Amino acid sequence: MAQEKEPKALIDASAARALVEHLIHHRGIDTIRSDDRLAPDASDEAVLVLARAESRIIVTINAEDFRRLARRIPHHPGLVIMPSVNKGRQIALAELVMDRMFDDIEAGRRPEGHVYEVDENGVIKRYKLPA
């Protein structure tokens, strides 16, 4: 896969900090954390603006707020919603979602405008939110 087509990630401050290191070192994904670039109390909208500016998929456990935001602003690089679970489980679930996302990209299904929502059991749903 060409480097420019590989997704980049923005881990929301609500998710485990360990996800950043894991995605960089174990997956080679260009990954940053929102509170490393924005104020710790930055709004979800500011996180989305940063993600759009840098074409980064947002990874969050803040499901309700980001679903509402993605519904309002449907042109986003992609959104991964994870359950609020311990750090180790978040990493395992992120691995499943990244595998699915890379499979989708290889099949020509880009993540832009889509939500990947994974539950505690690892079941992943890919969908678009209605406006």
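I looked up the lining of the largest cavity and found Leu48, Ile58, Phe66, Leu69, Ala70, His76, Gly78 and Leu79. I worked on a predicted model, in which local features need pLDDT of at least 70 and side-chain atom pairs count only at pLDDT 80 or more, while totals for chains, interfaces and linings use all residues. Residues are numbered from 1 along each chain as its sequence is written, and side-chain values use heavy atoms, with hydrogens and water left out.

**Entry 1. The cavity**

I recorded one cavity of 30 Å³ or more in the structure. The largest cavity holds about 40 Å³ of space. For the record, a cavity is a set of points, on a 1 Å grid over the protein atoms alone, where a 1.4 Å probe fits but cannot get out; lining residues have an atom within 4 Å of a point. Grid points are joined across faces, edges and corners, and the volume is the space filled by probe spheres set on the points.

I then sorted the lining by residue class and noted six nonpolar residues, two polar and no charged. In this scheme Ala, Val, Leu, Ile, Met, Phe, Trp, Tyr, Cys and Pro are nonpolar, Asp, Glu, Lys and Arg are charged, and the others, Gly among them, are polar. Which element gives the largest share of the lining? It is α4, with three residues. Helices (H or I, at least four residues) and strands (E, at least two) are DSSP runs numbered from the N terminus.

**Entry 2. Helix α4**

I listed the buried residues of α4 as Ala63, Phe66, Leu69 and Ala70. Viewed down the axis of α4, these buried residues fall within an arc of 135 degrees, so they line one face of the helix. The arc is taken over the directions from the helix axis to the C-beta atoms. Buried means under 20% relative accessible area, exposed over 50%, and partly exposed in between, with a 1.4 Å probe and protein chains only. The exposed residues Glu64 and Arg72 sit on the face of α4 turned away from its buried side. I traced the packing of the buried residues of α4 to α3 (44-54), β3 and β4 (79-81).

**Entry 3. Helix α3**

In α3 I found Val47, Leu48, Leu50 and Ala51 buried. They cover an arc of only 160 degrees around the axis, which puts them on the same side of α3. As background, an α-helix has 3.6 residues a turn, so residues three or four places apart point the same way. The exposed residues on the face of α3 turned away from its buried side are Val49 and Ala53. I noted that the buried residues of α3 pack against β1 (8-11), β2 (31-33), α2 (34-37), β3 and α4.

Ser55 follows α3 and lies in the loop between α3 and β3. I noted for Ser55 a positive phi of about 50 degrees, although Ser55 is not a glycine. Most residues other than glycine have a negative phi. Ser55 counts as partly exposed, at 49% relative accessibility.

**Entry 4. His76**

Where is His76 found? His76 is in the loop between α4 and β4. With a relative accessible area of 6%, His76 is buried. Apart from neighbours within four places in sequence, I listed its contacts (heavy atoms within 4.5 Å) as Leu48, Arg52, Ala70, Glu112, Gly113 and His114.

**Entry 5. Asn62**

I placed Asn62 in the loop between β3 (56-60) and α4 (63-72). The side chain of Asn62 makes a polar contact of 3.4 Å with the side chain of Asp65. A polar contact is a pair of N or O atoms within 3.5 Å; within protein, one must be able to donate a hydrogen and the other to accept it, and residues adjacent in sequence count only if both atoms are side-chain atoms. Leaving aside neighbours within four places in sequence, Asn62 is in contact with Asp12, Ser14 and Asp44.

**Entry 6. Asp104**

Is Asp104 buried or exposed? Asp104, in helix α5 (residues 87-106), is buried, with a relative accessible area of 2%. I found a polar contact of 2.8 Å between the side chains of Asp104 and Tyr116. Not counting residues up to four places away in sequence, Asp104 touches Arg109, Tyr116 and Arg126.

**Entry 7. His25**

I located His25 in helix α1 (residues 18-27) and noted it as exposed, at 57% relative accessibility. The side chains of His25 and Glu21 are joined by a polar contact of 2.8 Å.

Key. 1 Å grid on protein atoms, 1.4 Å probe; cavity = no way out; pocket = protein on both sides within 12 Å on 5 of 7 lines; lining within 4 Å.
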